[in-house]
Protein chains: 2
Amino acid sequence: MDNTVNTTASLNTAHSLENSLFLRACRRQPTDATPIWLMRQAGRYMVEYRRLREKHTILEMIKTPELACEVTLQPINAFDLDAAIIFADILPPLEGMGLELDFIKGEGPTIYNPIRNEADVERLRVLPPEETLRFTLDAIKLARQELDLRGIPLIGFSGAPFTLASYAIEGGSSRNRIQVKNMMMSQPAMWHTLMTKLSEVAGHYLLAQAHAGAQVIQLFDSWAGELSAYDYENFVLPYSRHAIEIASQSGVPIIHFGTGTSGMLKLIQAAGGDVIGVDWRIDLAQAWQILGDNVSVQGNLDPVTLFADWDALEARSRHILDSVHGKPGHIFNLGHGILPETPVDNVRRLVDFVHEYSQKLRTTA
Amino acid sequence: MDNTVNTTASLNTAHSLENSLFLRACRRQPTDATPIWLMRQAGRYMVEYRRLREKHTILEMIKTPELACEVTLQPINAFDLDAAIIFADILPPLEGMGLELDFIKGEGPTIYNPIRNEADVERLRVLPPEETLRFTLDAIKLARQELDLRGIPLIGFSGAPFTLASYAIEGGSSRNRIQVKNMMMSQPAMWHTLMTKLSEVAGHYLLAQAHAGAQVIQLFDSWAGELSAYDYENFVLPYSRHAIEIASQSGVPIIHFGTGTSGMLKLIQAAGGDVIGVDWRIDLAQAWQILGDNVSVQGNLDPVTLFADWDALEARSRHILDSVHGKPGHIFNLGHGILPETPVDNVRRLVDFVHEYSQKLRTTA
């Protein structure tokens, strides 16, 4: 795998890719229909994924570029999606820093040596992503070769500094996040050192993914919504901004997404991003009004809606599309990752409905 | 226990109670200092509670008026709180409807016979709270006798229809609430029948608590924040409103609280309430601006802040008080229930700080 092949391939299809629904929407340019992709679209709800997963661990799939590429393409082969997202996880950047990461069945991600004191923070390494996360960069190059032929853009991503810190300190998922918040509140100097390192790692990882060929990059702050606006603004925003500033050297559009952040969307936006991801806990049109017209929005169907009857799913999807009536800059997505048991048929119908209905909406507007 | 005793007692102290910080703030009248109480203030973080809990199950403590009264008074004896809340739970109304409720160690509330189909919904009974929840009404009468002597108002409460439905259908806590949302979305007629019954039960339970002597009642919608604004507005708001309309026949102030509702505060308010409870995921002053001046607000310190150093706890409490600078109608509280391992000393310091600092704020304004 070398850059030359990839660059040639992308030049060949540059025109169609550059004018794809998704990339145009990221730039707030008008489109004939609303683009759609789904967070965690390469995942357990697909039988193709589960078959591969029977033979490999999650980390094997992430770290073998051919497998990661294959999984990335599975939903693209199955549905008329407007973007692919590289198969990876928000947490591998922590491994490169010296933390031992594993995915345990039924428990989710686990860090065997979580950060507990200043020495732990000092020990964390900040290395170039080409050294620690080359597997994902290689997977991006492979996937781009395939996707360029189809004119589909590819998204790279990383966990945001606070979400990385949550896992690094708690050692896994945590109901109340007492340890991470306590370090943030009670040990500001240690917190600053930690968050500076995490923002450097996340920022350079996103930058490297763009250089490897991702046309769009997304910063996932899954746990930002557990913070007060005060704590987000003073102890998290500066580090997310730093990561985004590093990543934006690439020039590619950046999506900034956090769950549960309905009450602090302006702060999320202040940290940066060309597209703000919005979860389902706020009306999308209202969220866009708060954010203003100089930004694209991504969202915001409740993932559980995909379990409902088609009539109910259609009504809620239609409501979202109606509420922003084809305004340039809307990317349809779920408000969070697609759930493991989601019926595949509803996914197919949703993707087609969003295209068809949003196209009709534009011609009758 | 009869009503006469209780009524006499409350008449004796009516003046001071009526002019208590808490009741005045519920009515948006000026106060010399900001009142404070803490959600779940009678709970596991107190050694007095844990000692009693060693000898009794949670349901025994709820269903024995003398024990419930004792637990209600524990935090009042320990801290300078401005209101007591009757020791009970949001879920016992479900028991009276025919569901088998238990609290299992480590798992929280469990319903052994959750609602799965139309016959289950039809079977649910709507009985007068005097028949099904008399233990809590009696506990309120007992607690009022004690509290009247100290001039401390008492809060009664119930789970809101959606939160009750969540537990009734899921059978316990649930990460994604797929079953309850699926019934809501895919079976609107069954949902309507269920939610009508739940709103009748919750409304009449709150009304009976006010008649038994609670000076304020709170509707807890712990899970409302898991819904989209669309679903809340169409499938939940009408039923919360119905419960609040029934309860408001009492004439006592009503607090309406939901977690994770930063993006739909106007909808929560539209369902009713003299005081809107706000969790910590939005700046309190911003929340009050969204709600407007015709309502009191309660909140909104992140409960995890109580685990931090005093300096960090003070800074965040001061920020909340500064942001609304003594405006009549603010009741200081946590953004959700106090956590089991909370250090008691921080609770004491917080309560005293809120009184002292908010008093100073008023004299220097």
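## Briefing on a predicted two-chain model

In chain A, strand β2 (residues 101-104) and strand β3 (residues 108-111) run antiparallel and are joined by 4 bridges, strands being DSSP runs of E with at least two residues and helices DSSP runs of H or I with at least four, numbered from the N terminus. The model is predicted, so local features need pLDDT of at least 70 and side-chain atom pairs count only at pLDDT 80 or more, whereas totals for chains, interfaces and linings use all residues. Residues are numbered from 1 along each chain as its sequence is written, and chains are lettered from A in the order in which they are written.

**The hairpin**
- β2(A) and β3(A) form a hairpin with 3 residues between them, and Gly106(A) in the turn has a positive phi of about 85 degrees.
- Within this pairing (at least two DSSP bridges between two strands), Leu101(A) stands opposite Ile111(A) in β3(A).

**The fold of chain A**
- Chain A has 19 helices and 9 strands.
- The radius of gyration of chain A, taken over C-alpha atoms, is 19 Å, close to the 21 Å that the globule rule gives for 365 residues, so chain A is as compact as a globular protein of that length; the rule is 2.2 Å times the number of residues to the power 0.38.

**The side facing chain B**
- 29 residues of chain A are in contact (C-beta atoms, placed from the backbone, within 7 Å) with 29 residues of chain B.
- α12 (178-186), α14 (229-235) and α18 (310-324) of chain A each supply at least two residues of the side that touches chain B, and the largest share, 5 residues, comes from α12(A).

Note on methods:
Contact = placed C-beta atoms within 7 Å.
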